[in-house]
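The following note sets out numbered remarks on the cavity, the pocket, the ligand site and the backbone geometry. Please read them beside the sequence and structure shown here.

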Amino acid sequence: MSAPTGGMSRARCVELDRADPLASRRGAFVLDEGRIYLDGNSLGPLTHAARRRVQEVLDHEWGRDLIAGWNLHGWIDLPARLGARIAPLIGAAAADVVVGDSTSVNLFKLAASFMRDAAPRTRVVTELGNFPTDLYVLQGLADLMPGRVELAAVPRGDVAGAIDERTALVVLTHVHYKTAETYDLAEVTAAAHERGAAVLWDLSHSVGALPVDLGSARADLAVGCTYKYLNGGPGAPAFLYVRPDLQARLEPAIAGWLGHEAPFAFDDDYRPAAGVARHCAGTPGILGMAALDGALEVFDGLDLIALRAKSLALTDLFIGLVEARCAPHGLELVTPREPARRGSHVSFRHPEGYGIIQALIARGVTGDFRAPDVLRFGFTPLYTRYVDVWDAVEALVAVLDGREWSRTEHRHRRTVT
Ligand SMILES: Cc1ncc(COP(=O)(O)O)c(C=O)c1O
């Protein structure tokens with residue numbers, strides 16, 4: 001006899017897909033129908049529009065017009081134009097977001113820029129267990145600016161208490177990369193402001209997955225990836241945001257020529273551009289930006305409330321089915337059960353997590369593994385169907401019941417997990 005599934009069945013999932021207002025967006029993606037892709041929180045899939053846009057740049061812009069493309073096709077404005085397209089997804093005004101570099105570099109740029117001018121405050125508070133790059137960048141910054149930056153990396157539960165009168169900046173990831181637990185962005189920002197500190201939000205696991213409202217929270221600074229839920233492609237350029245009233249005050253940490261007020265004046269001395277453009281250090285990577293430009297089409301006119309509703313429905317369904325059907329196998333849920341505290345992925349802990357993920361991949365279900373023992377499954381409402389959730393759990397049951405994770409071929413650790 002099979003385990004109870006709370007009235008859910010594969011047929012019911014098919015019905016839910018038929019009624020899904022976002023169902024038609026799936027057609028925008030290049031997907032292998034034989035694979036259930038639950039790793040869009042790590043690398044989003046290619047869209048047809050991204051492929052077309054890159055092809056267009058190759059064949060008709062760079063390929064034909066060469067250097068004239070910078071003016072003719074507006075390549076030089078792409079960091080700002082892409083920033084303007086991402087802005088509505090994070091509750092920002094178009095002029096306050098710019099695209100370029102990686103999330104790590106943007107985090108460094110904004111944190112360093114802010115801390116240059118933070119005296120007498122020196123403390124930067126962050127969370128132990130934050131995404132490693134956030135921790136490493138801040139550790140590096142403390143080494144680079146001794147006496148001016150002192151890092152306080154504390155357990156999650158101690159973050160609020162660590163923000164004191166010495167604190168200049170709080171650096172947090174809105175949706176945790178392992179557990180998917182969210183911070184209340186408005187509440188944490190307000191609490192930091194009350195104590196005279198600013199907050200830099202890492203939105204890598206939020207943007208394109210749930211509505212974010214930096215503007216109404218009066219958030220100070222933000223960065224984020226575009227290769228996850230925004231589907232910009234492997235290593236796609238990241239974005240950064242600075243609240244308008246802070247923009248003129250923040251001297252860029254990297255005074256590159258494309259952040260100059262007049263790059264083509266070729267002056268010997270640096271004068272920062274107005275606004276967020278001053279944080280653009282060097283020449284933008286146009287091929288990567290073209291892919292992102294195409295990828296963002298799928299967000300045009302998208303109702304983020306509907307996106308969030310489906311994301312929660314998918315994650316709820318997955319949690320419920322796994323717990324009902326895999327109960328004897330010792331999977332421990334690490335993602336909050338409470339919907340408001342959950343991003344768009346679900347993680348379970350299991351000592352054989354790596355092998356389980358490899359065995360699932362072999363069965364056509366892609367999730368990923370985060371050491372030491374976390375299995376992650378990303379639910380991207382634009383292309384993941386309810387029936388995919390059902391079938392993914394079926395595969396998980398088969399892997400666990402058959403101890404498929406113990407096979408030699410699933411135990412070999414590759415570089416990227
Ligand atoms: C929260 C978070 N920040 C930053 C990054 C990585 O940024 P980068 O694009 O610099 O590799 C990731 C990557 O997964 C992430 O999850």
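1. A cavity is here a set of grid points where a 1.4 Å probe fits but cannot get out, and its volume is the space filled by probe spheres set on the points. The model under review is a predicted one. A search of the whole structure returns one cavity of 30 Å³ or more. The volume of the largest cavity is about 40 Å³.

2. Which residues line the largest cavity? The lining consists of F29, G208, Y229, N231, F299, T380, P381, L382 and Y383. By class, six of the lining residues are nonpolar and three are polar, with no charged residues.

3. The largest pocket has a volume of about 540 Å³. Its lining comprises 38 residues, and I76, P79, V99, C280 and P284 are those that lie nearest the centre of the pocket. Helix 4 (78-86), strand 2 (97-99), helix 5 (103-116) and helix 11 (286-295) are the elements that give two or more residues to this lining. Divided by class, the pocket lining has 22 nonpolar, twelve polar and four charged residues.

4. The ligand site deserves a separate remark. There are 14 residues around the ligand, and S104, D202, H205, Y227 and K228 come nearest. The shell around the ligand divides into four nonpolar, seven polar and three charged residues.

5. In S104, a polar side-chain atom lies 2.5 Å from an oxygen atom of the ligand. In Y227, a polar side-chain atom is placed 2.9 Å from a ligand oxygen atom. The ligand taken alone exposes 400 Å², of which the protein buries 85%. Helix 5 and helix 6 (132-144) are the elements that give two or more residues to the shell around the ligand.

6. P120 is found in the loop between helix 5 and strand 3 (123-127). P372 has its place in the loop between strand 12 (368-370) and strand 13 (374-378).

7. A further backbone point concerns R218. This residue is not a glycine, yet R218 has a positive phi of about 55°. R218 lies in the loop between helix 9 (214-217) and strand 7 (221-224). Most residues other than glycine have a negative phi, and most peptide bonds are trans.

Terms used. Residues numbered from 1 in each chain as written. Predicted model: local features only at pLDDT ≥ 70, side-chain atom pairs only at ≥ 80, totals over all residues. Heavy atoms only, no water. 1 Å grid on protein atoms, 1.4 Å probe; cavity = no way out; pocket = protein on both sides within 12 Å on 5 of 7 lines; lining within 4 Å. Nonpolar A, V, L, I, M, F, W, Y, C, P; charged D, E, K, R; others polar. Helix = DSSP H or I, 4+ residues; strand = E, 2+ residues; numbered from the N terminus. Near = heavy atom within 4 Å. Polar contact = N/O pair within 3.5 Å; in protein donor to acceptor, adjacent residues only side chain to side chain. Areas by Shrake-Rupley, 256 points an atom, 1.4 Å probe, with all protein chains shown as cover.
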